[in-house]
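Colleague: Please show me the model. I will then ask about it piece by piece.

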Amino acid sequence: MKFNKRLLVVWLILASLTLTYLWIDQSANGSLRSSEIVTSSVIVIALIKVRIIFREFMEVRQAPVLLCRLTDAWVVLIAVALLGSYFIGTAIR
Amino acid sequence: MTTNLAEPNKRARFVPGQPDMWVFVLFETLVFAAYFSFYLFYRARSPELFLHSQAQLDLRIGVFNTLILLLSSWSVARCVQSSRAGAYQAALRDVFITASFAAVFLFLKVFEWVRLVRTGNGLDSTEFFSYYFFLTGIHFIHLLIGFIVLGAVVYQLRSPARRSQELVETCATYWHTVDFLWVLIFALLYVVR
Amino acid sequence: MTPTASPATPPPGPLHHRIAWHLRHNPKRELWLAWWTLVVFYNLFFPVFFLITRVQPPPQPAADLATQVQWFHDRHLGLLAGFAIIFLVAGMVPVNNALIAYSMRRMSVSPVFAYSYLIMYSLSAIPGLLLLCIALTVGALRPEREPRLIGWIYDFAFLSYTGTMGVFLIGSLVWMLAILLDKNRVFPKWFGYLNLCNGLTEVVVSPCWIFRRGVLAWNGQIAWWLDVVVFGIYTVVFIVLLRRMIQREDFGTGPLPDLAPEQKGKRSEIEAAA
C-alpha cells in the first residue's frame, strides 16, 4: 500500500533524527559542560520532529489551511518559549 | 467533518478526527510548553548541578524508548489508514501492535525509574530529578490514558454497527500527541546540555 | 415528542418589574437563580481569597516559624473578616454543584454521573475549602498563641487546601466522561477534553506534599500558578457554557436544541431582566 510506505519513510526520518542525538552525545562525550549550541540544536531538532509528526502522522498536511497554520504557529510558539526561557535563564544567572 | 472514502489524492481537505480533540491537543501542548519553560529556565540558572544529575541517565534507553513510541505512532497512523480503506481486521491488528509498543515503553520507563531510585536518585534528590520524575510521570499518566483511548478504538472497530472513522481518527490524534510530547521531553531531559 | 418551553416575554417596564415578572413566571427561574448564585460566589471568592484575606497566592512552605507568625499578624483582620464572609456564603457551593449535576441529568447518560459528582464535590468542599478557612481563622483568632501551634495551623491549612486535589480530579473526570458519552449535545466535546486538561493539572499538584520549595511546592510555579491559570480559564468557560445550556434548555429528554438566532435576541432581554 502506497501510503504505508510513506508512513514508514516518515518513521525512518524521525528515527534518524533521533539517532543524531547519539552522535551529538558522542561528540560532547566526557565533558560535562553545558553548551548553548548543543541545547539550541537539540531543541530545534526536536521541534522539526514534532512538525513532521503533525504533518505526516497527524495528517495536518491534508487538513484545512487553518489547522496547518495553527500547528505551525504552535511549533514556533514552543520554540520561542523554550529557547527564550533557556537564554533568559542563562542571562540572569 | 465527514471523511471521503475516495482516493486520498482526490480527497478534499478534512480535519482528522473531531476538531474538539485538536482543541485539547493545542491546549495541553501549551501547558507542557509552560512546564518545559520552567525546567529550561531553572536549568540555565544552575547548569552544573543539572548536568551532574543528568549524567546518571542512560541515553541509550531514552533513544530506544523514543524509537519505540515513534513506532507506536506509525502503527496507529497505519490503523487510521486501514480503517479508512475498510480493512478493519488490519486496523485492529495495528491497534494491538500500538498497544504492544506502548507496553514496552512503559515497562522500560518503570525499569529506569526503579534503577534511578535504587541508586539514590529519587524524586526529591536533586532539582534535576524533581523535573525528571515529574515530567516523565505526567507523561506516563498520559500514556495510561492512551491505553483507554486505544480501547475505545478497538471497541469501535470490532462491530460493524459502530466503526466511526471520526472517532478512530480522534483517538489517533490523542496518541500522536502523547508521542510528540515524549519527543520533546526526551530531548529536554536526556540530550540537552 | 418532547415539549418545548416557549420563551415567554415579560411586559415592558422598569428593571425591577421585569425581574419580579421573571421570578414569578419564567419557567427557568430556578436554573437562572442557580447560575447567578454561581457567578456571585466566584465574584466573592476571588476578592476574598486574593485581596481581603490574601491567602492566595500561598506563602512559602519553607518559611521559618517567625515568618509564619508574621504572616498571620499581617493578615489578622483580613483573615477574620474575609473568612466570615466565606462562612456566610459557603452554602452557595452546593447550589453550584447542583447546577452542574443538573447539566448531567439533562444528558443522555445515567443519573449515576450527576449523583456521584454531587456527592463528591459536596464532600470535597470540606478539605478543599472549609478546612483552610477554619484553620486560618483559628490561627488568626489568638495571635499570642505559641508559634509552633501557629506553624502547625499554617501547614495544615495549606496542605489540606492544595494537597487534596484528588476529589476534584475524580469529579472532573466524571463530568468529562458524562460529556463525552452524552448524545444530547448539552456541552461541546472540547469542553469534555478541557475537563481532562484541568484534571491533569490537578494531578500535578500532588507532589506539593513532598516539596517545600521550588516549582512543585504548594506555592510553586507549576503546582500553584499554572494550576490557577488553567483552573481560571476552565471556570470562566464552564460558567459561559452553563449559561448557554440554560438558554437552550427545553425541559425535554432529547438533544438540546441550538441557540436559534431569534433566541439570541431574546437572550439579551432575559439577561437584562435577570
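Modeller: One term comes first: two residues are in contact if their C-beta atoms, placed from the backbone, lie within 7 Å. This is a predicted model, in which local features need pLDDT of at least 70 and side-chain atom pairs count only at pLDDT 80 or more, while totals for chains, interfaces and linings use all residues. Residues are numbered from 1 along each chain as its sequence is written, and chains are lettered from A and ligands numbered from 1 in the order in which they are written.

Colleague: Leaving aside its neighbours within four places in sequence, which residues is Leu184(B) in contact with?

Modeller: Neighbours within four places in sequence are left out here. What remains for Leu184(B) is Ala46(A), Val50(A) and Phe36(B).

Colleague: Which chains share the most contacts?

Modeller: Two pairs of chains are in contact. Chain A and chain C are not joined by any contact, and their closest C-alpha atoms lie 14 Å apart. The pair that shares the most contacts is chains A and B.

Colleague: How many nonpolar residues are on the side of chain A that touches chain B?

Modeller: Here 43 residues of chain A meet 43 residues of chain B. Helices H1 (2-27), H2 (36-57) and H3 (65-91) of chain A each give two or more residues to that side; helices (H or I, at least four residues) and strands (E, at least two) are DSSP runs, numbered from the N terminus. Ala, Val, Leu, Ile, Met, Phe, Trp, Tyr, Cys and Pro count as nonpolar, Asp, Glu, Lys and Arg as charged, and the others, Gly among them, as polar. Beside nine polar and four charged residues, the number of nonpolar ones is 30.

Colleague: In the contact of chain B with chain C, which element gives the largest share of the chain B side?

Modeller: This contact takes 18 residues from chain B and 20 from chain C. On the chain B side, helix H1 (19-45) and helix H5 (127-158) each supply at least two residues. That side divides into 12 nonpolar, two polar and four charged residues. Its largest share, 10 residues, comes from H1(B).

Colleague: Is Asp20(B) buried, partly exposed or exposed?

Modeller: Asp20(B) is found in helix H1 of chain B, and, leaving aside its neighbours within four places in sequence, Asp20(B) is in contact with Pro188(C), Lys189(C), Trp190(C) and Tyr193(C). A residue is buried if 20 or more other C-beta atoms lie within 10 Å of its own, exposed if 12 or fewer, and partly exposed in between, with C-beta atoms placed from the backbone. Because it has 18 C-beta neighbours inside 10 Å, Asp20(B) counts as partly exposed.

Colleague: What percentage of the residues in chain C are buried?

Modeller: Chain C has 11 helices and zero strands. Its C-alpha trace spans about 65 × 45 × 25 Å along the principal axes. Of its 274 residues, the buried ones make up 36%.

Colleague: How do H6(C) and H7(C) run relative to one another, roughly parallel or roughly antiparallel?

Modeller: Axes are lines fitted to C-alpha atoms, for helices over the stretch in contact, and angles run from 0 to 180 degrees between N-to-C directions. Angles under 35 degrees count as roughly parallel, over 145 as roughly antiparallel, 65 to 115 as roughly perpendicular and the rest as oblique. Helix H6 (residues 111-141) and helix H7 (residues 147-163) of chain C pack at about 165°, with axes 8 Å apart. H6(C) and H7(C) are therefore roughly antiparallel.

Colleague: At what angle do the axes of H3(C) and H7(C) cross?

Modeller: In this pair, Leu65(C), Gln68(C), Val69(C) and Phe72(C) of H3(C) meet residues of H7(C) including Ile150(C) and Tyr154(C). The axes of helix H3 (residues 65-74) of chain C and H7(C) come within 9 Å, and they cross at roughly 75°.

Colleague: Is the crossing of H9(C) and H10(C) left-handed or right-handed?

Modeller: Helix H9 (residues 189-203) and helix H10 (residues 221-248) of chain C pack at about 155°, with their axes 10 Å apart. A crossing is left-handed if the near helix is turned anticlockwise from the far one by less than a right angle, and right-handed if clockwise. For H9(C) and H10(C) the crossing is left-handed.
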